[in-house]
Amino acid sequence: MEGDCLSCMKYLMFVFNFFIFLGGVCLLGVGIWVMVDPTGFREIVATNPLLITGTYILLAMGGLLFLLGFLGCCGAVRENKCLLLFFFLFILLIFLAELSAAILAFLFRENLTREFFTKELTKHYQGSNDTDVFSATWNSVMITFGCCGVNGPEDFEFASVFRLLTLDSEEVPEACCRRDPQTRDGLLLSREDCLLGRDLFLNKQGCYTVILNTFETYVYLAGALTIGVLAIELFAMIFAMCLFRGIQ
């Protein structure tokens, strides 16, 4: 009876570790997609150091889960106590790190609000100055998503540096102008009319709403994936300790 219980525990341990392995693959995939995504998500992440740090953490956690899932499977199949103990300790560390990251993300969620981005844009944006990383990133976002400012073109009325550099001769930056097609290489419909703020020739919708609508599904998916990975890690630790205690 005890042998059957141990055998059952071993296979359950293998299954949970296989899911951890898959979770690591998924986290690695999401992190790599964010870093190389051609549709503009990379540009959004680059505007906030907290987001880019989170992306690197995602890649690191994915890599570790990938490795530990593999080690856990080997430890379960071989019934190796050293591998199981090593697996348990590192999964515990990763579990605590992920939990801490989730708490920090919740505490610093105000850095992702509309008001925060509006304040940063009006304070630091320098127009078509591609030597400034902040401005170049915002220009890429606005061109890629066909949007203007955080809330709309009206944001640039209060962009002090932008107004100073253009001597109030431009109502909006060139990145807000409509293109055909809507890509960086697309032809401007009318640069002069756009810079004068004429509605037909500029993108009226703010980037915050456009991006939120575009990536809302991915945010929920990432949240669900994180909760799932944490639950699997917790069960894997329980099974690892049970199997460790059961091995003679």
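Asp 193 counts as buried, at 18% relative accessibility; buried means under 20% relative accessible area, exposed over 50%, and partly exposed in between, with a 1.4 Å probe and protein chains only. This is a predicted model, where local features need pLDDT of at least 70, side-chain atom pairs count only at pLDDT 80 or more, and totals for chains, interfaces and linings use all residues. Residues are numbered from 1 along each chain as its sequence is written, and side-chain values use heavy atoms, with hydrogens and water left out.

The side chain of Asp 193 meets that of Arg 198 in a salt bridge, 2.4 Å from N to O. By salt bridge I mean a side-chain nitrogen of Lys or Arg within 4 Å of a carboxyl oxygen of Asp or Glu. Arg 198 is partly exposed, with a relative accessible area of 44%.

How many salt bridges does a search of the whole structure find? The search finds four. One of them joins Arg 191 to Glu 174, with the closest N and O atoms 2.7 Å apart. That pair links distant parts of the chain, 17 residues apart: Arg 191 is in helix H8 (residues 191-195), and Glu 174 is in the loop between helix H7 (160-166) and strand E1 (179-180). Helices (H or I, at least four residues) and strands (E, at least two) are DSSP runs, numbered from the N terminus. Arg 191 is partly exposed at 35%, and Glu 174 is partly exposed at 23%. Glu 174, Arg 179 and Arg 191 are linked in a network of salt bridges.

Asp 199 forms a salt bridge with Lys 204, the closest N and O atoms being 3.3 Å apart.
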